[in-house]
Structure formats: structure tokens, C-alpha cells
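I opened the notebook to record a few look-ups.

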Amino acid sequence: AIGNITDSLAVVKHMVYDKKLISARELYDAIMSNWEGKEDLRQTILNEAPHYGNDNEYVDVFARWVSDVYGNAINSATGPRGRWAAGLFPVTAHVLFGMFTGATPDGRKAGEPLSDGISPVQQLDRNGPTAIIKSVSAIDQKKFSNGTLLNMRFHPSALSNETGKEKLIALIKTYFALGGMELQFNVVSRETLERAREKPEEHRDLLVRVGGYSDYFVNLSPELQQEIIQRFDIGG
């Protein structure tokens with residue numbers, strides 16, 4: 001959950017040390033209470049604090065640092081089958097692990113899904129796709145030979161003409177030029193996904209990219225369906 005770790009560190013720095021909007025103890029108590037009675041603070045964190053995925057070096061420096069610490073530790077280890085290789089892809093484990101993870105400083109409540117792969121926290125990337133790939137490129141993906149995963153979801157209207165398709169091609173090329181390793185898309189609207197959840201019998205052929213694999217949306221667990229719906233809708 002690179003997105004959650006990165007945002008959490010940035011929130012502590014921003015809220016406690018730089019802006020001094022809250023004490024470390026007050027933030028700790030809010031987290032331990034699962035934000036009970038602290039919704040105003042949580043909304044301030046979600047809407048006013050800086051977040052990963054928006055091409056903000058203030059935040060992205062933590063993505064670089066965290067991924068370096070993790071990648072260096074894993075890549076230096078060996079086991080019975082030889083040298084370990086670090087990877088940054090959860091497949092669907094970010095939903096399961098989220099169920100067993102308490103509240104976090106970035107405003108996430110206990111039990112909610114973690115961010116997937118190296119993607120930003122769901123719905124907190126607000127400056128468009130180019131800002132996302134700029135933030136993600138802060139991670140040295142050469143250290144992760146076991147693979148990385150960046151999910152993006154586009155509204156069909158964003159790719160409804162040749163100009164939109166050309167922009168997507170340029171985005172992909174730019175991402176790899178910046179050192180990206182893997183990029184995958186869902187081109188489907190939030191409205192379609194919500195209708196499929198409500199009337200699965202009418203959407204049995206709706207395929208979605210989950211996390212390193214594709215599956216029929218109606219076959220996914222309710223928790224995973226909700227997580228895919230929450231991924232930020234670009235365009236539309």
C-alpha cells in the first residue's frame with residue numbers, strides 16, 4: 001500500500017510538523033478511535049492535505065524513500081531458492097489486507113481497502129493522468145524485478161475519438177520513458193459498474209482489469225467490486 005504509506009507520512013509532516021494544525025497526540029487519538037468524533041479532521045486531511053498521485057514532490061519524496069527501503073531490504077535477502085526479488089503488486093490482497101488493518105493517518109478508516117500496487121489512494125489523485133505518472137515515476141521501478149502495478153480507470157468518453165486515443169498512446173509512452181514498468185486500464189464508467197452491481201444478470205459479459213488479471217465484474221466479491229468503483233474516474 002505505497003499510496004497509504006506515502007500519504008500517511010506526508011499527512012504527519014504537513015499536519016503536525018509544518019502547519020502545526022494538530023498535535024501528534026491528537027492525531028494518534030483520532031486514528032486509534034477510528035476517527036470517531038473526528039470527521040472534520042478527517043475531511044481536512046482528505047481534502048486539504050497533499051496526496052500522492054498529484055505530481056507534488058512534497059509527497060512523492062516519501063514514495064521514493066519507502067519503496068527504496070522496502071526494495072533494498074527484499075533484494076538483499078536470500079532463501080532456499082536463491083535471491084529474493086522485490087515486487088509491488090497486491091493482485092487483490094489490498095482489499096483483504098485492508099480488512100485487517102486499522103485506521104491510518106491518511107484518513108482511511110479501519111477495514112477499508114488499501115491502495116492497490118503503486119497506484120494512488122482511491123479518489124485522491126485529482127490532477128489528471130499525467131500527474132499520476134509523474135508521481136509514480138518517483139519510485140525506482142528497476143528495483144522491483146518481481147513486478148509493479150499501476151491501475152488507471154478512464155471514462156469511455158475520454159477515449160471516444162482519435163484525439164483521446166492519441167493522448168492515451170502518448171501517456172503510455174511517456175510513462176515508460178519515465179521508468180515505468182507496467183500500466184493497465186479499465187475503460188468503463190462508474191455508472192456502468194454501479195448498474196452491473198445492481199443488476200448482475202444484465203452485465204455478465206462485463207470484463208474488468210482487477211490487478212494483474214482480468215475477471216467478470218459480476219463474479220467479484222462485493223468488497224472488490226466497491227474498490228474498483230472507487231478508483232478515480234478520469235474524464236467523463
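Helices here are DSSP runs (H or I, at least four residues), strands are E runs of at least two, and both are numbered from the N terminus. I take buried as under 20% relative accessible area, exposed as over 50%, and partly exposed as in between (1.4 Å probe, protein chains only). The buried set of α1 includes I2, G3, A10, V11 and V16.

This is a predicted model, in which local features need pLDDT of at least 70 and side-chain atom pairs count only at pLDDT 80 or more, while totals for chains, interfaces and linings use all residues. I number residues from 1 along each chain as its sequence is written, and side-chain values use heavy atoms, with hydrogens and water left out.

I checked the length of α1. Residues 2–18 make 17 residues and reach 22 Å from first C-alpha to last, close to the expected 24 Å. The expected span is 1.5 Å times one less than the number of residues. K20 follows α1 with a positive phi, near 55 degrees.

Next I went to S119, in the loop between α5 and α6 (129–136). S119 is buried at 2% relative accessibility. Its side chain reaches the backbone nitrogen of N151 at 2.9 Å. I listed the contacts of S119 (heavy atoms within 4.5 Å). Beyond neighbours within four places in sequence, they are G3, Y52, L149, L150 and N151.

G87 sits in the loop between β2 (82–83) and α5 (93–99). G87 is also buried, at 14%. Beyond four places in sequence, G87 is in contact with Y70, F144, N146 and G147. The C-alpha atoms of G87 and Y70 are 9.4 Å apart, across 17 residues of chain.

I then searched for salt bridges (a side-chain nitrogen of Lys or Arg within 4 Å of a carboxyl oxygen of Asp or Glu). The whole structure has nine. Side chains of opposite charge can pair when their charged atoms come close. I noted R25 with D29, at 3.2 Å, N to O. Both lie in α2, four residues apart, about one turn. R25 is exposed at 55%, and D29 is partly exposed at 36%. I also noted E57 with R64, at 3.2 Å between the closest N and O atoms. E57 is partly exposed at 46%, as is R64 at 30%. E162 and K165 meet at 3.7 Å.

How values were computed
Polar contact = N/O pair within 3.5 Å; in protein donor to acceptor, adjacent residues only side chain to side chain.
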